[in-house]
Amino acid sequence: MANIGVFYGTMTGNTERIAETIAEQLGGTLHSVADAETADFEKYDLVVLGSATWGDGDLTEDWEDNLDNFKSASLSGKKIAMFMLGDQFGYPDSFVSSSSILLEALKSTGATLIGQTSTDGYEFNESGAGVVVDGKFSGLVLDEDNQSDLTDERIEKWVSDLKASL
C-alpha cells in the first residue's frame, strides 16, 4: 500500500473530522496544515489535501498561512487527491471555490491529481477555475450544511476509488 499523508485546514472543525475519517479509511497519517513543513508533503506517495471554502471562495486561514510550504514541495511523480467542504445553497456562486487556489498551487509541485468525482447530486451555479471539468469535481466534495446524511457514503466510495488507483 502507498504511503499516504492527509493534510487539512479547518476553521470550525468539520474539515478536521472529515480528514480523520479519510485518514483512518486510507490508513494514512493525519496532519494539520497549520503545522506542516515542506518536507512533510514530500514524504508521501499520495498527498490528500482538505479544505473548506470560507466566505465567498477563500481558503481557511491554516491553508492561507501555509500554502507556500505546499507550493515549494517537490512532488514530481506523486499523486494528489483533494476533498473540499462547502455550502451549495448558501454560496451557490462560489461553491467549493477555494479548491481552485489549491489546484493552482498544485501545478508547481509536479504531482498528478487523482480522485475526481461527479457533480451529480449537487445544486450550485458555479465554482472556481478548474474545480469542475467535464462534469466532475477536482476531488471529493462534501456539503455538511445541507447534505451531511450523504457524507459517509461519499467518503467510502471516494476512498475505495482512491485505493483502486494506487
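Helices H3 and H4 pack with their axes 9 Å apart, at an angle of about 20 degrees. Helices here are DSSP runs of H or I with at least four residues, strands are E runs of at least two, and both are numbered from the N terminus. Axes are lines fitted to C-alpha atoms, for helices over the stretch in contact, and angles run from 0 to 180 degrees between N-to-C directions. H3 and H4 are therefore roughly parallel to each other. Angles under 35 degrees count as roughly parallel, over 145 as roughly antiparallel, 65 to 115 as roughly perpendicular, and the rest as oblique. The crossing of H3 and H4 is right-handed. A crossing has that hand if the near helix is turned clockwise from the far one by less than a right angle, and is left-handed if anticlockwise.

This is a predicted model, in which local features need pLDDT of at least 70, side-chain atom pairs count only at pLDDT 80 or more, and totals for chains, interfaces and linings use all residues. Residues are numbered from 1 along each chain as its sequence is written, and side-chain values use heavy atoms, with hydrogens and water left out.

Which residues make the contact between H3 and H4? H3 brings Trp-63, Glu-64, Leu-67, Phe-70 and Lys-71, and H4 brings Ile-101, Leu-102, Ala-105 and Leu-106. Contact means heavy atoms within 4.5 Å. By class, the contact of H3 with H4 has seven nonpolar, no polar and two charged residues. Ala, Val, Leu, Ile, Met, Phe, Trp, Tyr, Cys and Pro count as nonpolar; Asp, Glu, Lys and Arg count as charged; the others, Gly among them, count as polar.

Take Lys-71, which sits in helix H3. Its relative accessibility is 37%, so Lys-71 counts as partly exposed. The cut-offs are under 20% relative accessible area for buried, over 50% for exposed and in between for partly exposed, with a 1.4 Å probe and protein chains only. Leaving out residues up to four places away in sequence, Lys-71 touches Ala-105, Ser-108 and Thr-109. Lys-71 and Ser-108 are 37 residues apart in sequence, yet 6.1 Å apart in space, C-alpha to C-alpha.

Now turn to H4 itself. Seven of its 10 residues are buried, so H4 is largely enclosed by the rest of the structure. Those buried residues are Ser-98, Ser-99, Ser-100, Leu-102, Leu-103, Ala-105 and Leu-106. What covers them includes S3, H3, S4 and S5.

Strand S5 (residues 112–113) holds Leu-113. With a relative accessible area of 22%, Leu-113 is partly exposed. Beyond its neighbours within four places in sequence, Leu-113 is in contact with Ile-80, Met-82, Leu-103, Leu-106 and Ser-138.

The largest nonpolar core has 27 residues, and Phe-7, Phe-41, Leu-49, Trp-63, Phe-70 and Ile-80 touch the most other members. A nonpolar core is a set of buried Ala, Val, Leu, Ile, Met, Phe, Trp, Tyr and Cys residues joined through side-chain atoms within 4.5 Å. Strand S3 (46–52), helix H3 (61–71), strand S4 (79–85) and helix H4 (98–107) each give two or more residues to this core. The largest share, four residues, comes from H4.

Phe-7 shows the contacts in detail. Not counting residues up to four places away in sequence, Phe-7 touches His-31, Ala-36, Asp-40, Phe-41, Tyr-44, Val-47, Val-48, Leu-49, Gly-50 and Trp-63.

The axes of H1 (residues 14–26) and H5 (residues 151–165) come within 10 Å and cross at roughly 40 degrees. That makes H1 oblique to H5. H1 passes H5 in a right-handed crossing. Ile-18, Thr-21, Ile-22, Gln-25 and Leu-26 in H1 meet Thr-151, Ile-155, Glu-156, Trp-158, Val-159, Leu-162 and Lys-163 in H5. By class, this contact has seven nonpolar, three polar and two charged residues.

Two loop residues remain. Val-96 has a positive phi of about 45 degrees although it is not a glycine. Val-96 lies in the loop between S4 and H4. Is Val-96 buried or exposed? Val-96 is buried, with a relative accessible area of 0%. Asp-134, also not a glycine, has a positive phi of about 50 degrees. Asp-134 is found in the loop between strand S7 (132–133) and strand S8 (136–137). At 77% relative accessibility, Asp-134 counts as exposed.
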